[in-house]
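The points below are grouped by topic for reading alongside the model.

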Amino acid sequence: MKRTTTLVSVLALAAWTAGPTLAGPDDHQLVINDEIQIITEAAAPAHMDGIDTIYSGWRFRADETQALELDDFENPGMIGVENAMAIWETVDGSEGKSCASCHESAESSMKGVRAVYPKWNEAAGEVRTLEMQINDCRTTRMGAEKWKWSGGDMVDMTALISSVSRGMPVNVAIDGPAQSTWEKGKEIYYTRFGQLELSCANCHEDNYGNMIRADHLSQGQINGFPSYRLKTAKLGSVHNRFKGCVRDTRAETFADGSPEFVALELYVASRGNGLSVEGPSVRN
């Protein structure tokens, strides 16, 4: 069994060297609507070892895919933003409230929110993702039912909240009471999973810039989430992407919203501190 697993791992690693090998990201600049300057390259956060510079995944995409983010009219993820703008004004739940009842416009009240999530919530005594905070508002303030973590309404709402922070630098706190969750996320990031015995770091730290089959490996930054994937033709959450990556190692994956993925999200988000909030982004 061990011999078989090792062989599969060797074959998987060989895929990185098959075909053309690219040295790294391109040097294109991302300016959305000719006005929102997106920081796609920054000095790596102090807590990262072995990487001096961090790059948005946009810098690893083909020109045609990159072009879809340059204008909101071309970005298919903005349809989700428009859907969420209508939901924002819609009364739901036993309290007769909408998001706007407490927060007025998303543009005025949510600007900067995406940049600091996940974050420690003192009252709850836990690290919360944006999805967790949205569902808390729905249940405790609106008297409404929770949304599914990666359901359409939730992903659209996180796209709206992300969109009003585009251009702002990611600044996720990892010290204080959040540190233990961050440490757990770091451990998961470097743990090898599945029959292929691959960790997040094997692809996104050791081999970014190389090709794996037809894909140009990025650093796995999540500053652009939620992200519209051309492969699936819909917006997807960070945890949905995590699930896909774990499944690709041929392992049993964690669930959306699990403590493991919350911790992993905090750690991975912190690896992008200094890049701009970019979502909704467009990826392969």
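## Helix packing and charge pairing

Helices H8 and H11 cross at roughly 90°, and their axes come within 7 Å. The model is a predicted one.

**H8 and H11**

- With a crossing angle of roughly 90°, H8 and H11 are therefore roughly perpendicular to each other, since angles of 65 to 115 degrees fall in that class.
- On the H8 side, the contact involves Thr-181, Trp-182, Lys-184, Gly-185, Lys-186, Ile-188 and Tyr-189.
- On the H11 side, these residues meet Pro-259, Glu-260, Ala-263, Leu-264, Leu-266, Tyr-267, Val-268, Ser-270 and Arg-271.
- By class, the contact of H8 with H11 comprises nine nonpolar, three polar and four charged residues.

**The two sides of H8**

- Helix H8 spans residues 179–189, and its buried residues are Thr-181, Trp-182, Gly-185, Ile-188 and Tyr-189.
- Viewed down the axis of H8, these buried residues fall within an arc of 120°, so they line one face of the helix.
- An α-helix has 3.6 residues a turn, so residues three or four places apart point the same way.
- Ser-180 and Glu-187 are exposed on the other side of H8.
- The packing partners of the buried H8 residues are strand E6 (126–128), helix H9 (200–204) and helix H11 (259–271).

**H10 and H11**

- Helix H10 (residues 238–248) also crosses H11, at roughly 100°, with the axes coming within 10 Å.
- This angle makes H10 roughly perpendicular to H11.
- H10 contributes Val-238, His-239, Phe-242, Lys-243 and Val-246 to the contact, while H11 contributes Phe-261, Val-262, Leu-264, Glu-265 and Val-268.
- Seven nonpolar, one polar and two charged residues make up the contact of H10 with H11.
- Leu-264 and Val-268 of H11 are named in the contact with H8 and in the contact with H10.

**H6 and H7**

- Helix H6 (residues 130–141) packs against helix H7 (residues 152–163) at an angle of about 110°, the axes lying 10 Å apart.
- H6 and H7 are therefore roughly perpendicular to each other.
- Leu-130, Glu-131, Ile-134 and Asn-135 of H6 meet Met-154, Met-157, Thr-158 and Ile-161 of H7.
- The contact of H6 with H7 is made up of five nonpolar, two polar and one charged residue.

- The structure contains 13 salt bridges.
- Side chains of opposite charge can pair when their charged atoms come close.
- One of the bridges joins the side chains of Arg-59 and Asp-26, at 3.5 Å from N to O.
- Arg-59 lies in the loop between strand E4 (53–55) and helix H2 (63–67), and Asp-26 in the loop between helix H1 (2–14) and strand E1 (30–32), so the pair ties together parts that are 33 residues apart in sequence.
- Arg-59 also forms a salt bridge with Glu-41, at 3.1 Å from N to O.
- This second pair links distant parts of the chain, with Glu-41 in strand E3 (residues 41–43) and Arg-59 in the loop between E4 and H2, 18 residues apart.
- Arg-59 counts as buried at 4% relative accessibility, whereas Glu-41 counts as partly exposed at 41%.

**The Arg-61 to Asp-215 pair**

- A salt bridge joins Arg-61 and Asp-215, whose closest N and O atoms are 2.9 Å apart.
- Arg-61 sits in the loop between E4 and H2 and Asp-215 in strand E8 (residues 215–216), so the bridge ties together parts that are 154 residues apart in sequence.
- Arg-61 counts as buried, at 10% relative accessibility, and Asp-215 counts as partly exposed, at 31%.

**Ser-163**

- Ser-163 belongs to helix H7 and is buried, with a relative accessible area of 10%.
- Leaving aside residues up to four places away in sequence, Ser-163 touches Val-81, Gly-279 and Pro-280.
- Ser-163 and Gln-219 are 56 residues apart in sequence, and their C-alpha atoms are 22 Å apart in space.

Conventions: Residues numbered from 1 in each chain as written. Predicted model: local features only at pLDDT ≥ 70, side-chain atom pairs only at ≥ 80, totals over all residues. Heavy atoms only, no water. Axes fitted to C-alpha atoms, helices over the stretch in contact; angles between N-to-C directions. Helix = DSSP H or I, 4+ residues; strand = E, 2+ residues; numbered from the N terminus. Parallel < 35°, antiparallel > 145°, perpendicular 65-115°, else oblique. Contact = heavy atoms within 4.5 Å. Nonpolar A, V, L, I, M, F, W, Y, C, P; charged D, E, K, R; others polar. Salt bridge = Lys/Arg side-chain N within 4 Å of Asp/Glu carboxyl O. Buried < 20%, exposed > 50% of the residue type's maximum accessible area, 1.4 Å probe, protein only. Arc of directions from axis to C-beta.
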